[in-house]
Amino acid sequence: MPGNSPLWQVPKVELPHAHLVNLQQVLEERLTRISNQFNDVRFATSLAAEDMAVTDGIAKYAKSIRIFTLFTGRLHDQTIQMKTTVENHYGLSIDGVEPQVQDVQAFIAQYGLNGFYDSEEAKKSCCYARKVKPLELALNGAQAWVTGLRRSQAITRNELTFEELDEVRGIPKFNPIFDWSDDDLWAYLAWQQVPLHPLHHQGYPSIGCEPCTRAIRADEDLRAGRWWWLNKQSKECGLHLK
Ligand code: SF4
């Protein structure tokens, strides 16, 4: 990890109560609109902060939205445990979607278990086998899906809108906290006492697979800990590319 500054920490943010209430009302309105409009809506959660804000909203206002997470086979133990924590906290069920064995075996045979460090092509191939294809299968038959993406997360996300057309699947894709700032996010999570992934308390603002995610310093870009050996334009796993 570069630099000598302290590890990134969960921001302690206080916002006016009226602002937080407005965030909550807008989230409720957005999720209610989605769940009223479609019978089969699915939400893909990584169990990290943004997705926990959306999960909190779904648990309170839109229980018909089905929640799943991608069990890539390379997650931290804390992420596996977090799924249970969230299920117990909200009394809901999260589907764990696993990659197909033959896809993982084919990747390992061609590139090696950790071959994603060697080339961008190998990284894309691993993400395809462990994330993108399982996502395709998990969304098969859905009428719409929901994400926790925000504009301010990354330069690759600064044109996000609430509703997009997922051109790959031909269904709407909703981003109900697309316009939340970092402060909005962390203040809302604290206000609503939403369970936090334990790695957020160990310097991880963003959480993905264990070998491709590291803690960051306070002065680093928030996405610096994801695929840190690649440039900024490559810091996506393919789940949200158009
Ligand atoms: S994040 Fe890393 S380990 Fe996970 S699927 Fe992508 S390349 Fe593979």
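This is a predicted model: local features need pLDDT of at least 70, side-chain atom pairs count only at pLDDT 80 or more; totals for chains, interfaces and linings use all residues.
Two packed helices are described by the angle between their axes and the distance between the axes. Here the axes of α1 and α2 cross at roughly 65° and come within 10 Å. Angles of 65 to 115 degrees count as roughly perpendicular, and α1 and α2 are therefore roughly perpendicular to each other.

A further helix, α6, spans residues 182-191, and its buried residues are Asp184, Leu185, Trp186, Ala187, Tyr188 and Leu189. What do these buried residues pack against? Their partners are α1, at residues 17-37, and α2, at residues 49-61. After α6 comes glutamine 193, which has a positive phi, near 50°.

The strands make up the next part of the picture. An open sheet is formed by six strands with mixed pairing, in the order β3-β2-β1-β4-β6-β5. At its edges are β3 (94-97) and β5 (163-166), each of which pairs on one side only. On average, neighbouring strands of this sheet are turned by 30° against each other, direction ignored.

Inside this order, β4 (residues 144-146) and β6 (residues 171-174) pair in the parallel sense, over two bridges. Opposite valine 146 stands phenylalanine 174, a residue in β6.

Conventions. Residues are numbered from 1 along each chain as its sequence is written. A residue is buried if 20 or more other C-beta atoms lie within 10 Å of its own, exposed if 12 or fewer, and partly exposed in between; C-beta atoms are placed from the backbone. Helices (H or I, at least four residues) and strands (E, at least two) are DSSP runs, numbered from the N terminus. Two residues are in contact if their C-beta atoms, placed from the backbone, lie within 7 Å. Axes are lines fitted to C-alpha atoms, for helices over the stretch in contact, and angles run from 0 to 180 degrees between N-to-C directions. Angles under 35 degrees count as roughly parallel, over 145 as roughly antiparallel, 65 to 115 as roughly perpendicular and the rest as oblique. Two strands pair if DSSP finds at least two bridges between them.
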